[in-house]
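Let's take a walk through a protein together. Have a look at the sequence and the structure, and then we will start from the inside.

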Amino acid sequence: MIKCGITGARGVLGKKIRKNLPYKFYIFNKDITNKKEVKKWIDKNEFDIFIHLAAKVPVKTVNKNYKKAYKVNVDGTLNLINSLNKKKNKPKWLFYASTSHVYKINYKPTKITEKGIIKPQNKYGKTKLIAEKILINKSNIKYCIGRIFSFTDKRQKPPYVIPSITKKIKFSKKVITLHNLNHYRDFLNIKDITSAIDILRKNEAMGIYNIGTGYQFNLRTIAELIAKKFKKKINFSTSKKTTFLISNSNKLLKLNWKPRRYNMNLKYFY
């Protein structure tokens, strides 16, 4: 069985990876910003591969405490790479979970390739881009950077987008008005992310890969589905330009990865 070191194992994505992938997982559950703790754990265990998920997310959380987010997302990644580089028996492959937030936002329905314009949309995207550069410039291990587009899950909580919308609608006692939902995003089912990581591992893929469906999900339409589920009435207020963040994942698709079939209902996401 493949021995896999993993950070961020207690998060929504980390739990799903541990459940769905047939690896023997070695979980780092200490403080990734602590160099000594990271090195001690790395030196103690042997890994065939490594999956690095640990990060401060979502956007609002990062904005609220950027200093702390930077320490985790950037300094934590540097601690990990430095310790792995010094290890005698290094993992053969490392996957780093990055984000589509490193790309420039689109105002037209154009799909973004891995060669798309890099212009982080927010502080979260900025920290992930800096961490990407750490891997590119410092890693002595064969690495793969997966730029994951949007995803949601029943276990996600606010301030993530869909859980936030769900909470507002579910607990509303009167007709509410939702603001700024005239945007299109590429939402993955979380199982598709785990299958993508496994396929990338099997191919020993290197470099940067988009992980997205290529489908356009309108946030307003999703809100309407949620309102229908809870039998609530909602209104919309549009105040900003429509934006698009949709993946061109042809590079990943060529490795025979297939996301689940598009189906505009809530079951698609969960």
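Which residues have the most contacts inside the largest nonpolar core? They are Ile-17, Ile-51, Phe-95 and Leu-200, in a core of 30 residues. Keep in mind as you look that this is a predicted model. Several parts of the chain come together here: strand 1 (3-7), helix 1 (12-20), strand 3 (49-52), strand 4 (93-99), strand 6 (143-148), helix 7 (190-202) and strand 11 (207-211) each supply at least two residues of the core. Helix 7 gives the most, with 6 residues.

Now zoom in on Phe-95. Not counting residues up to four places away in sequence, Phe-95 touches Phe-50, Ile-51, His-52, Cys-144, Gly-146, Ile-197, Leu-200 and Ile-211.

Next, find Leu-53, in the loop between strand 3 and helix 3 (59-64). Is Leu-53 buried or exposed? Leu-53 counts as buried because its relative accessibility is 12%, and the cut-off for buried is under 20%. Leu-53 touches Ala-97, along with others including Ile-6, Leu-13 and Ile-17. In sequence, Leu-53 and Ala-97 are 44 residues apart, yet their C-alpha atoms are 5.5 Å apart in space.

Helix 6 (161-170) and helix 8 (219-229) each supply at least two lining residues, with the largest share, 5 residues, coming from helix 6. By class, the lining of this pocket has 8 nonpolar, 3 polar and 6 charged residues.

Note on methods. Residues numbered from 1 in each chain as written. Predicted model: local features only at pLDDT ≥ 70, side-chain atom pairs only at ≥ 80, totals over all residues. Heavy atoms only, no water. Core = buried A, V, L, I, M, F, W, Y, C linked by side-chain atoms within 4.5 Å. Buried < 20%, exposed > 50% of the residue type's maximum accessible area, 1.4 Å probe, protein only. Helix = DSSP H or I, 4+ residues; strand = E, 2+ residues; numbered from the N terminus. Contact = heavy atoms within 4.5 Å. Nonpolar A, V, L, I, M, F, W, Y, C, P; charged D, E, K, R; others polar.
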